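Welcome! Please take a moment to look over the sequence and the 3D structure below, and then let us walk through them together.

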Protein chains: 2
Amino acid sequence: MSTKKQDWKIINTERSIDLKLFKAHFTHFQNPRNQKVERMIILEGGHSANVVAVTPEKNLLFVRQFRVGIQEETLELPGGIIDPGESADKAVRRELEEETGYQAREWVTLGKVASNPVFMDGYIHHFAALDITPTGTLRLDDGEAIVPEILSIADTKKMLKEGLFQHPHTISALVLFFSKLGDRFPDTGPLID
Amino acid sequence: MSTKKQDWKIINTERSIDLKLFKAHFTHFQNPRNQKVERMIILEGGHSANVVAVTPEKNLLFVRQFRVGIQEETLELPGGIIDPGESADKAVRRELEEETGYQAREWVTLGKVASNPVFMDGYIHHFAALDITPTGTLRLDDGEAIVPEILSIADTKKMLKEGLFQHPHTISALVLFFSKLGDRFPDTGPLID
């Protein structure tokens with residue numbers, strides 16, 4: 001049984017619906033397993049970027065905010081949507097400064113993960129920002145109310161292990177951060193034994 | 001500055017749009033920071049469940065499939081959408097059997113994470129299934145073409161650390177699995193030092 005791209009034929013693509021945060025359209029795919037055509041919803045263009053930002057004292061910078069999806073407050077990494085024509089590198093620097101007022105001396109690319117491969121065509125790009133310094137004031141969008149918050153690496157690992165972060169893109173960024181840069185913080189113990 | 005739920009007033013909720021996989025509606029929220037009213041998109045009702053399923057030989061069960069969102073093949077944990085009125089416990093047992101033909105002798109609840117708190121109201125419920133045995137045949141939906149695949153725990157950790165899993169809900173489930181049940185697999189080394 002094939003799951004390969006070339007075997008899934010696109011039969012038709014419907015007109016896009018504007019949902020403000022993204023556009024949505026139905027594409028009709030023919031399943032190579034049974035030749036049946038299924039109408040699948042796809043949300044277009046939601047590329048985003050977020051950042052594990054580290055202070056000179058080796059603490060991590062989070063943002064506390066109200067999220068309308070779950071109508072609850074969350075603690076997340078800074079980040080946001082990449083503007084049309086903007087690079088992920090540029091977007092993440094802009095978002096860090098807008099949401100927290102911090103800039104960084106060193107940037108590391110951690111990788112990217114599909115935002116949700118089931119129905120979104122976009123990716124979340126993960127970065128680390130090292131040796132951050134406060135340089136300005138927050139410039140929030142009209143729909144944002146964000147409070148920056150500093151956590152120790154030990155507390156971050158504890159929250160991650162207890163499943164307390166409520167944004168999957170914060171979790172995937174932290175896993176890559178500890179995987180790729182964890183050896184810079186040897187005193188904090190393993191994320192997971 | 002407040003990010004609390006009670007301070008974000010709902011001014012209006014528009015009629016839902018049917019997107020098949022979920023319904024979408026715009027809700028108009030008043031931001032307590034600046035009193036401005038923003039029209040926010042919310043995708044309704046997308047609760048889902050997935051499972052880290054462990055064979056008697058202590059290997060893990062994944063599913064390989066084509067995902068229309070990114071139009072690529074992914075390797076993910078088994079799982080799917082919880083039907084209306086169905087419990088997460090029941091849904092995850094059904095999805096495991098439908099997608100892989102396996103049942104389990106022991107189930108452990110790992111926790112839940114918001115699917116995407118920015119614009120989805122649903123949660124992904126994470127489970128572990130221990131001592132799984134093949135008991136039947138796959139019963140796939142018309143839009144699915146799924147191939148089960150067994151990975152060692154060492155290979156799973158390697159893929160996780162290298163950022164190769166392309167579904168955020170697979171990553172969050174594996175983090176909770178290794179955090180809560182990792183001591184049952186002491187020979188495989190830490191997920192992240």
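Two strands pair if DSSP finds at least two bridges between them. Helices (H or I, at least four residues) and strands (E, at least two) are DSSP runs, numbered from the N terminus. With those terms in hand, look at strand β5 (residues 48-54) of chain A, which runs parallel to strand β10 (residues 123-134) of chain A and is joined to it by 6 bridges. Within this pairing, A:V52 has A:A128 in β10(A) as its bridge partner. Strand β10(A) also pairs with β9(A), in the antiparallel sense and over 11 bridges. There, A:G111 has A:H126 in β10(A) as its bridge partner.

Before going further, note that this is a predicted model, in which local features need pLDDT of at least 70, side-chain atom pairs count only at pLDDT 80 or more, and totals for chains, interfaces and linings use all residues. Residues are numbered from 1 along each chain as its sequence is written, while chains are lettered from A and ligands numbered from 1 in the order in which they are written.

**Chain A as a whole**

Chain A contains 3 helices and 11 strands. Their order along the sequence is β-β-β-β-β-β-β-β-α-β-β-β-α-α. The C-alpha trace of chain A spans about 60 × 40 × 30 Å along its principal axes. Chain A is divided into domain 1 (5-44) and domain 2 (48-185), with bounds that come from an automatic or database domain assignment. The centres of these two domains of chain A, taken over C-alpha atoms, are separated by 31 Å.

How much of chain A is buried? Of its 193 residues, 45% are buried. A residue is buried if 20 or more other C-beta atoms lie within 10 Å of its own, exposed if 12 or fewer, and partly exposed in between, with C-beta atoms placed from the backbone. Two residues are in contact if their C-beta atoms, placed from the backbone, lie within 7 Å. Among contacts in chain A between residues at least 6 apart in sequence, 62% join residues at least 24 apart.

**The core and some buried residues**

A nonpolar core is a set of buried Ala, Val, Leu, Ile, Met, Phe, Trp, Tyr and Cys residues joined through C-beta atoms within 7 Å. The largest one here has 100 residues, and those with the most contacts inside it are A:V52, A:A53, B:V52 and B:A53. Setting aside residues up to four places away in sequence, B:A53 touches residues including B:L60, B:P78, B:Y102 and B:I132.

B:F62 is found in strand β6 (residues 59-67) of chain B. B:F62 counts as buried because it has 23 C-beta neighbours inside 10 Å. Its C-alpha lies 4.8 Å from that of B:L77, although B:F62 and B:L77 are 15 residues apart in sequence.

B:H47 sits in the loop between β4 and β5 (48-54) of chain B. With 20 C-beta neighbours inside 10 Å, B:H47 also counts as buried. Leaving aside neighbours within four places in sequence, B:H47 is in contact with B:I82, B:G122 and B:Y123.

Most residues other than glycine have a negative phi.

| Residue | Phi |
|---|---|
| A:K20 | about 75° |
| B:Q35 | near 65° |

A:K20 lies in the loop between β2 (17-18) and β3 of chain A, and counts as exposed with 11 C-beta neighbours inside 10 Å. B:Q35 lies in the loop between β3 (23-30) and β4 (37-44) of chain B, and counts as exposed with 8 C-beta neighbours inside 10 Å.

**How the two chains meet**

The contact takes 66 residues from chain A and 66 residues from chain B. On the side of chain A that touches chain B, the largest share, 8 residues, comes from α3(A). By class, that side of chain A has 31 nonpolar, 19 polar and 16 charged residues. Here Ala, Val, Leu, Ile, Met, Phe, Trp, Tyr, Cys and Pro count as nonpolar, Asp, Glu, Lys and Arg as charged, and the others, Gly among them, as polar.
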